[in-house]
Every structure is written in C-alpha cells, then in structure tokens.
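Open the model in your viewer and keep the selection panel at hand. The tour starts at the interface and ends inside one chain.

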Amino acid sequence: MAERLAIWGDVYRQYWRINVLTALEYRANFLVWFGFTFIYHATALIALWIILQEFPSMNGWNFPQMAFLYSLWMLAHSINNTLFLTVGDVPEHVREGEFDRVFVRPLNALFQIITTPQQIFPDELILALSLFVLATIWSGVTVDWWFVVFIPLIVMGGALIDFAINLVIATCSFWFVRVDALRWIAFQLEQEFTRYPISIYTKGVRLVLTFLLPFAFMNYFPATFFLDKAEDALHLSPFVGLATPLVGLVCFVLAYWFWIIGLNKYQGVGH
Amino acid sequence: MTSISAPPQRFSLKPYLEFARVAFEREATYRFEVFTSIGSLLVRVYLFRMVWTALYAQNVAPKDLSLQDAITYSTVALLMSLVLDIDQTRLIHDKLHDGSIATDFMKPINVPLYFFSDGTGEVLFHSVLILPSLALAALIVHIDIPPPDVLGAFFLSFLFGYLVGLLMNFILNCIAFWTLEIHAVQLIVTWITDLLGGQIIPLIFFPLAFQGFIFALPFAAIYSTPLLIYVGSVTPERYPEVLGLQVMWIAIFAVISVFIWRAGARRVVVQGG
C-alpha cells in the first residue's frame, strides 16, 4: 500500500513538473489567459454591482456579501479547474477511440485521466484568491479559527462537488457519444445559479441546487454561515454551511461508483 | 485587379440564394444543439424571472421600469440573442485557418457576398427557432406585446442592431487575415457586448454618471435600442434620434468593413494564397 502510494505520488509530482515547465514555456499565453479570465469575471461582478446600485438588497444581501458569495464559488471552481480539468476530455477520448489506452497501463484509470498533461495556468486561481481576500475584508467576515480551519476544507469540498458533477457527465459518454450539450447546461446552471443567494429562487430550484446538483454547498450555505446570516432558503441551521467537505466527499464517492459502472460497461461491450 | 480574377460575368443572385439554403440546411442538422439552445434559453428566462421578482419585492421599484417590463425586457433580450449571438461571418476565420479562402478567390463569385449569404442562411434558421422558444417562454413568463406601431419600430431597430452586430463581427473576423487566431478577442467582445449592450441589465439601470458614455458606444445600438423601444422606455418622439444613431454606426462599420476587407484580400493575393 505504502509502495503504491509512493508510485502515485511520484507520478503526480512528475505530472506537475511537466505542467509547470509547459506553463513557463508559454508565458505569453499565460498573459492572454489572465486577461481573458479577468474580463470574464469582471463583467460578471460589474453586472452584480450595477444591479445592487439600483436595487440595494438582494434578499438581504448587499454587494460585498454577494462578492464574498461569488468568490467562494470561484475559489472552489478554480481549484477544480486546476486539479481535475482533464476529466472533461473523457468524452472526446471515447469518441476518438483513444480511451482504451488507460486499460493497458498499470494505474487507476481516473488517476491517469486527471494526470494527463496539458496547459494549466493558475490564472483563475490567482484571481479567485485575490477576490476572496478582498471580499472577506470588504464584507466584514470575522477571521477566527472557524474561518481558518473550515475555509480550506470548504473550498476543497466545493471543488469535489464540482469535480463529481463533471465526472458524472463525463461518465455518461460511455453510453452516449455526445454529451457536450449536457455539459454545457450543467456548466451554465452552475455559473448563473451560484451567482445569487438561492433564497431568491422558487422552492423547486432551491431543492435541486441543494440535493440534486448541490452547487449551493459550494458557496451559498458556507457564505450564510460566515456572514452570520439566517439561512432562509430551506430554514436549515447555518451550521449546514460547514457540511460542505462532507457533501463533497459523498458526491465524489457516488460519482466514482458511477464511473466504475461506466468503465465496466465500456469494457464489457468490447470496444 | 489581379490575374486570378475570373472572366467578367453577368451578376446573378442565384448562387447566393443557394449558399444561404445550404447553410440553412447545415444548421438544421444539428438537432441536439437546437434543443440545448432552446432549453438553456428557457432556464435563463426562468432565472431572470426569479431574480427580478426578488429584487422588485424588496426594493423601491425604479420609476421608469416596472417588474413586468423588466421580465419582458429580459425575455425578449434572450430571444433576440438566438439571432444576435450568431457569428455570421465565422466562415472567413475558418477558411483563413485552413487556407481554403485562396480557392474561393478563384471562383467566379463575389467572396464577401458569399460569406454574407452563408451567414444569412444560418441566421434565418436561428430566427425560425425564435417562434417555438417564444411559445415555450410564454408558459414561464407573461410577455407584454406593445401596440403595432411600437412593435414595428422594434423590428426595424432589431434589424439595425443585427446589422451593427454583423458588421462588428465581420471586422473581427477580418482581423484573422493578420493574426489568424481571434477566438479569445471575439469571446471578450461578446461578454462586453452582453454587458454594455444591455442584454443582461437594462442600460437605464447603470449609474447615471456612466449612462451618457455607455449609450454613445456601438454596443448599445445592438441590444439596448430595440429593447428600450419594446418596453416603451424610449418614446416615439425619440425614435428618429435612436434609430439615427444605429444607422450612423452601421455606416461607420460598413466603411471600416470595406477597407479592412480590401486590405485583407490584397494580403492573401500578394502572398500567393
């Protein structure tokens, strides 16, 4: 077991070495991506700011609090994009017939997928961290030991939720050739519906975002806890916000189980 | 003209109608994408309904736009985006990438007109989608229908807005004559257009200090002008002014388009394709 972990650790280190070297090779691309990501998130935040100039209260949330909500999502999402982005390439590998190579290598299939080298720039992560620091100061969140202990766990949990949902969609490609549309809808739901406190939505949407596609655990529930807000979407205890790491793990386990079913099915029909 | 130009021929519209028809049918084959775009449109209509409802319920309503107006505005904006989000002249960029634009120049056709007919076919297909989308959206939200004269002005302004967007995209695609890669720039322009064009938030909600500036930008001519006519925020006595501004942008971009196309085309011919 220890030997096995050592091999994984070694592979993972090599993988990051290649990534960093690639990123250093394409420094100009990095700058372009940085500008690109910056403008994307800036337009989203400016839109929120303008709305809150005209309508000062979004169900009791003001702009700094909304910025904190946004930055929590962005942080989790950018960690997912940094660590697990390549899972989104699975449908393409399957379609192109390149997926079979993971079966002939002596390593876990999913581990092989997430260690496929590619161009990863930390642009979104850097922006997310900066925004998070700013929004934390600005919204007056108290930085106590709850914050220091739980924020990293919550962000990792949120990244796992994101990853799990992407993994489920990628797994669907073992049955359906084209899952781009599905991926796109899930992405859009995530981007647009995490922007506002879920308490403004209708009951059905709140339930979907809590239990079916639990994006609300990426930012809404933790934000209500740290901003000392009453949780008025489902009238749960604000402490639910601390459950994100657990929810993330459960999501990941379920998604992984589905992935294994998909892998067996894929091998079963003799591709 | 250069030596590769085709022998003079009487101009006929027929091949261009055919290009448009082929593009229309090509778009119609992506059935799954059609369902997705309508589905995601409906999700957003519902999202905007919830957001505006919550905002109007808890704040002093702005005097110039009621809740019903805001919901109508967002829904019509989303329906318009089915057509306006199309990059009609993407073919220029694609053909510059794979080099096939060189052979297009040898064909006895007017090349820009060929690109425009292809884009028109694509856009016509997507404008057909507006009808089912509208029918389904009407199940989610109540959409106000303005009186016929306002509706007429809206459609005219929508057409002008479409032309502004078309020419802006044409210019961007022509930049590929020099840089080949323009995808990132195009996405950025799209995001900025959505925000400063008033697709997401009506421009009358922007802080007063910026409004004069933002209304003077060409982005406002794409979405905001037709939409504000639709919800009655721009009254009939202001039609000449706002429509005139749209026409001005069309004229400016048309002139730039002609110059950039000539310069770009010369580049292809000089380099030998």
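A salt bridge here is a side-chain nitrogen of Lys or Arg within 4 Å of a carboxyl oxygen of Asp or Glu. The rule finds one salt bridge across the interface of chain A and chain B. Select B:Arg44 and A:Glu192: their side chains meet in that bridge, at 3.2 Å from N to O.

This is a predicted model, where local features need pLDDT of at least 70, side-chain atom pairs count only at pLDDT 80 or more, and totals for chains, interfaces and linings use all residues. Residues are numbered from 1 along each chain as its sequence is written, chains are lettered from A in the order in which they are written, and side-chain values use heavy atoms, without hydrogens and water.

Now select the whole contact (heavy atoms within 4.5 Å). Chain A brings 29 residues and chain B brings 27 residues. The buried area (accessible area, 1.4 Å probe, that two parts lose on being put together, summed over both) is about 2800 Å². Carbon and sulfur atoms give 78% of that area. Colour A:Phe36, A:Ile50 and A:Phe55 next: in chain A they lose the most area to chain B, together 23% of what that side buries.

Finish with the C-alpha atoms of B:Ala23 and B:Glu122: 99 residues apart along the chain, they are separated by 5.4 Å.
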